[in-house]
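Hi everyone, thanks for making time.

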Amino acid sequence: MRETRRWFVLTGAGISAESGVPTFRGSGGLWEGTRPELLASPEGFRADPARVWRWYRWRRGIVAGAEPNAGHRALARLEDHAPSFVLATQNVDDLHERAGSRDVIHLHGRLFGTRCSRSCGMPVQEEIAADVPLCGCGAPLRPDVVWFGEGLPVEAFQDAVAAAEECDACLIVGTSAIVHPAAGLPSVASRAGALLVEVNPEPTALSGICDLALRGGAATELPRLLEMAGISSEPTGPGRV
Ligand code: BV8
């Protein structure tokens, strides 16, 4: 761990769990009795855009009231320390950035982003508080996230694949490793000969290819990992929160 120069980190909803942000598939992951997979889809949005907006506004409220936890902060410390560090997240929250991480690759978009559902290209005015806000072109606005059946942002995914191919160690934090193509990134790193470390209280589909599993919460295990690697988990750069 101490000698690792190039890190690639993939995070999922679990890293934000200890900040009070519900995971997708954990207990309490339902919304109005509906599975997230049905809400996080173009079909779900077409069927009931107001319900999908209610779900995203509820999540925006939770994230806005949440604070980054020691797991988010430990990754920002690791980025300060490592000669090469790339963080790709499946999360749409902004807790990595608020913990001090830079250049975060958002594979599934951003919760606080809004775009035209018809991709008309018109600038999105300040979002009005209608049940279903409309674009200037008349089409409904939608959260700027990647739904099931939609392609990931091409450049973001390509950057993540390149980082996985070049890393010496791949840290997999708080993901059930069910959703592809993001869940395939650690296998790219493994095939390139990287050390794979999983941080998750539960085993996942990736556990079988990991060299090390830290079976606990990210807010405990990531600071511990840094201690084991002799990296201070205290703030280093000026102005780091
Ligand atoms: C695509 C929207 C093609 C934003 C999300 C088979 C192979 C390949 C693909 C597929 C396939 N079958 C179906 C597919 C397609 C599908 C897919 O993977 N489906 C799954 C369900 C099988 N994939 C897609 O549709 C993707 N697109 O393939 O497009 C294409 C290509 C070109 C052109 C057109 C189309 C799009 C995927 C993105 C979907 N959008 N979200 C939002 O609202 O958030 S995915 C959704 O799941 C979230 O983004 C979430 O991040 C993501 C993954 O979930 P996790 O982050 O892992 O969260 P989860 O709750 O599952 O697990 C939490 C984990 O944390 C658990 O393991 C738990 O133990 C752990 N944990 C709990 N507490 C802690 C903790 N860990 C650490 N510390 C703790 N304290």
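First, the ground rules. This is a predicted model, where local features need pLDDT of at least 70 and side-chain atom pairs count only at pLDDT 80 or more, while totals for chains, interfaces and linings use all residues. Residues are numbered from 1 along each chain as its sequence is written, and side-chain values use heavy atoms, with hydrogens and water left out.

So, the sheet. Helices (H or I, at least four residues) and strands (E, at least two) are DSSP runs, numbered from the N terminus, and two strands pair if DSSP finds at least two bridges between them. On that basis, six strands make an open sheet with parallel pairing, and the order reads β3-β2-β1-β6-β7-β8. The edges belong to β3 (105–106) and β8 (212–214), each with a single partner strand, so one side of each has no neighbour in the sheet.

Let's walk across part of it. Strands β2 and β3 pair over two bridges, with Ala88 opposite Ile105 of β3. Next, β1 and β2 share six bridges; here Arg6 has Ser84 in β2 as its bridge partner. On β1 (residues 6–11), the pairing with β6 (residues 169–173) runs over five bridges, and Val9 is partnered by Leu171 of β6. Helix α5 (residues 70–81) packs on this sheet and touches β1, β2 (84–89) and β6, contact being heavy atoms within 4.5 Å. The direction of α5 makes about 150 degrees with that of β2; axes are lines fitted to C-alpha atoms, for helices over the stretch in contact, and angles run from 0 to 180 degrees between N-to-C directions.

A polar side-chain atom of Ser176 sits 2.6 Å from a ligand oxygen. The side chain of Glu18 places an N or O atom 2.8 Å from a ligand nitrogen, and a backbone N or O atom of Gly14 is 3.4 Å from a nitrogen of the ligand. Alone, the ligand exposes 1500 Å², and the protein buries 72% of that (Shrake-Rupley, 1.4 Å probe).

Finally, the backbone. His180 and Pro181 are joined by a cis peptide bond, omega about 5 degrees, and Pro181 is in the loop between β6 and α8 (185–191). Ser119, though not a glycine, has a positive phi of about 50 degrees; Ser119 lies in the loop between β4 (109–116) and β5 (141–145).

Notes:
A polar contact is a pair of N or O atoms within 3.5 Å; within protein, one must be able to donate a hydrogen and the other to accept it, and residues adjacent in sequence count only if both atoms are side-chain atoms.
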